[in-house]
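Please open the model in your viewer, with a selection tool and a distance tool ready. The tour below goes from one selection to the next and says what is to be found at each stop.

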Amino acid sequence: MKNKSSSKTSLFLMELIIAIFFFSLAGALCIQMFVESHRISKDSVALHHGVLWTQNFAESFYGCSGNPDDVVSLFKDYSYVTYDAEKCEIKLCFDENFKPIYSTKLSPDDQDYSYVLTAKISPAVNNLITCEISFNSKENNRVIYSLMLDYFPGGK
């Protein structure tokens, strides 16, 4: 009789161990899915703000007829802006919540920012002005969104 009872107990324990193994495997997979969905959600928020700020800058570029000085004057009171006239490059810096950074520091390299919008405006060639705008993440140094614009100011 003892033989039958101990074999039933070990069979029950084996079944219990297998059930616990499958539940822990399913739990691990669920945790991975939650982590991945959080990353995707964070990336989509960054993409949304990148598109929004890039389009905002593009509309300003068109509204100022491609003049970099006018574009900088639009943004200088609103956020931290640097303008390198030699490179024709404009930078706007943002914090981790996509809010513009207000600062009096001289360089964005001195700043604690999370995202940067960079616009490179090429000088007019055959009356055509080109602007390349990119919204980048400082954390992993990747381009979130970029846009290429051409402006032809009604030439003759």
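Select Ser137 and display what surrounds it: in this predicted model, leaving aside neighbours within four places in sequence, Ser137 is in contact with Ser114, Tyr115, Arg142 and Ile144. Ser137 belongs to strand E4, which covers residues 129-137. Is Ser137 buried or exposed? Its relative accessible area is 6%, and because the cut-off for a buried residue is under 20%, Ser137 counts as buried.

Next, select Val125, which sits in the loop between strand E3 (115-121) and E4. With a relative accessibility of 55%, Val125 counts as exposed, since the cut-off for that class is over 50%.

Now turn to helix H2, residues 68-75, and colour its buried residues, which are Pro68, Val71, Val72 and Phe75. If you look down the axis of H2, these buried residues fall within an arc of 100 degrees, so they line one face of the helix. An α-helix has 3.6 residues a turn, so residues three or four places apart point the same way. At the N-terminal end of H2, select Asn67, which caps the helix through a side-chain oxygen that lies 3.1 Å from the backbone nitrogen of Asp69.

Move on to helix H1, residues 2-63, and pick Phe21, which lies in it. Phe21 is one of the residues of a nonpolar surface patch, whose other members are Met14, Ile18, Phe22, Leu25 and Leu29; together the residues of this patch have about 610 Å² of accessible area.

Finally, clear the selection and view the whole protein, which has 2 helices and 5 strands, arranged along the sequence in the pattern α-α-β-β-β-β-β. Of its 156 residues, 31% count as buried, and of the contacts with a separation of 6 or more, 41% are between residues 24 or more positions apart. The protein exposes about 10900 Å², of which carbon and sulfur atoms supply 59%.

Definitions and conventions. Residues are numbered from 1 along each chain as its sequence is written. This is a predicted model: local features need pLDDT of at least 70, side-chain atom pairs count only at pLDDT 80 or more; totals for chains, interfaces and linings use all residues. Side-chain values use heavy atoms; hydrogens and water are left out. Patches are made of residues with over 30% relative accessible area and no salt bridge: like charges are joined within 9 Å, nonpolar side chains (Val, Leu, Ile, Met, Phe, Trp, Tyr) within 5 Å. Accessible areas come from the Shrake-Rupley method with a 1.4 Å probe; for residues, only the protein chains shown count as cover. A salt bridge is a side-chain nitrogen of Lys or Arg within 4 Å of a carboxyl oxygen of Asp or Glu. Helices (H or I, at least four residues) and strands (E, at least two) are DSSP runs, numbered from the N terminus. Buried means under 20% relative accessible area, exposed over 50%, partly exposed in between (1.4 Å probe, protein chains only). Contact means heavy atoms within 4.5 Å. The arc is that of the directions from the helix axis to the C-beta atoms. A polar contact is a pair of N or O atoms within 3.5 Å; within protein, one must be able to donate a hydrogen and the other to accept it, and residues adjacent in sequence count only if both atoms are side-chain atoms.
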